[in-house]
Amino acid sequence: MGETIVITSGKGGVGKTTATANIGAGLALLGHKVALVDADIGLRNLDVVLGLENRIVYDLVDVAHGHCRLKQALIRDKRFEGLYLLPAAQTKDKTAVNPEQMREICQELKKEFDYVIVDCPAGIEQGFRNAIAGADRAIVVTTPEVAAVRDADRVIGLLEAAGLNEPKLVINRLRPKMVRQGDMMDIEDILDILAVDLLGVVPEDERIIVSTNRGEPIVQERNSLAAEAFRNISRRILGEPVPLLDLESNGNLLVRLRKMLGLG
Amino acid sequence: MDLWQIVNRLLSRSGAGSKEIARERLRLILVHDRASVSPELLEHLKRDLLQVISRYMEVEERGLEIELASQEDTVALVASIPIRRVKRAVKVAPV
Ligand SMILES: Nc1ncnc2c1ncn2[C@@H]1O[C@H](COP(=O)(O)OP(=O)(O)OP(=O)(O)O)[C@@H](O)[C@H]1O
Ligand SMILES: [Mg+2]
């Protein structure tokens, strides 16, 4: 029996879908069978980020309403062995499924897959309730900004109230340079305020936009810190104790020099 | 703050970083958010307060009022507790 992990945030646009795609592909690269579920009904995104938008026949709502079998709606990602997508419906709205139906779908997927990863819509309304209904554990994504961390705090409270205790935090779009200049909250600030465990830190990386343009998860790329961050997050989900990335190692000349001289 | 950060701070033109401001604002926002989401929390606090205070004095339970009062940059717990009578001898546990 597999495990269902929901990826939430509260605030929109902080990187839930990007994280879902890359963690999913990352776990598949590590040899696991993974089903990604796009629970953002009406604003289907995950298919596009994964480059699978042309292969959709049935969707989550069709499965929930018995218009097709679960297997028929699952799209196999040919690039990542073991990775599958259950797409959201684009023309329906969030009330087209209910938490009970989501729970059943996740339950059924868990029989087949090692990991079921649910991409949650922004907000804390019904779409959120649906997305977390079948989850065994939760990941909260935030960026190092006041509004995003505030919403993360709210979501952590709601997750715990729903019995999803101790959600893990992913801090996305960190800019090491700004942190160094004292113009961005650092990892410690955020962990201190939210009082949760850290799952990983993903730096701001232009190549994420490039890879999204192409419809290819960045996680397999070499020479990208964001890719490495997502690979590490995937391994931590498996329980491996992977140390945090040194986010300075690429950009900063001084740090590179210090490294070369064996000082860093 | 380590030396590296201090050096960087001195070299950066913007002066004091905005992160301290962000952190402080966030801290305050969350005090409000977390307090305002649960009226039960205040009820529990009231009950516990009464229990402790009644060890020392007799209070008018119905008149008890507590609230979180926010000034510009602080949040204070303000309690108004009418006292009926102070007990004459209070056994204080040795510290
Ligand atoms: N680490 C990063 N560096 C640079 N760009 C990023 C990073 N993470 C995400 N982005 C970009 O931010 C945008 C929003 O990301 P994404 O769609 O994953 O967020 P979301 O939380 O799923 O949004 P929504 O709440 O609308 O579902 C995208 O354009 C994505 O490419
Ligand atoms: Mg999304």
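Okay, quick housekeeping. Residues count from 1 along each chain as its sequence is written, and chains are lettered from A, with ligands numbered from 1, in the order in which they are written. Because the model is predicted, local features need pLDDT of at least 70 and side-chain atom pairs pLDDT 80 or more, while totals for chains, interfaces and linings use all residues; side-chain values use heavy atoms, leaving out hydrogens and water.

So, what is chain A built from? We get 12 helices and 8 strands; those are DSSP runs, helices being H or I with at least four residues and strands E with at least two, numbered from the N terminus. The radius of gyration is 18 Å, close to the 18 Å from the globule rule for 264 residues, so chain A is as compact as a globular protein of that length. That radius is taken over C-alpha atoms, and the rule is 2.2 Å times the number of residues to the power 0.38. Also, 56% of the residues count as buried, meaning under 20% relative accessible area with a 1.4 Å probe, protein chains only.

Now the sheet. The 8 strands make an open, mixed sheet, in the order 3-4-2-5-1-6-7-8; two strands pair if DSSP finds at least two bridges between them. Strand 3 (75-76) and strand 8 (197-203) sit at the edges with a single partner strand each, so one side of each has no neighbour in the sheet.

Which strand does strand 7 pair with over 6 bridges? Strand 7, residues 168-174, runs parallel to strand 8 there, and Asn172(A) has Val202(A) in strand 8 as its bridge partner.

Technical notes: Buried < 20%, exposed > 50% of the residue type's maximum accessible area, 1.4 Å probe, protein only.
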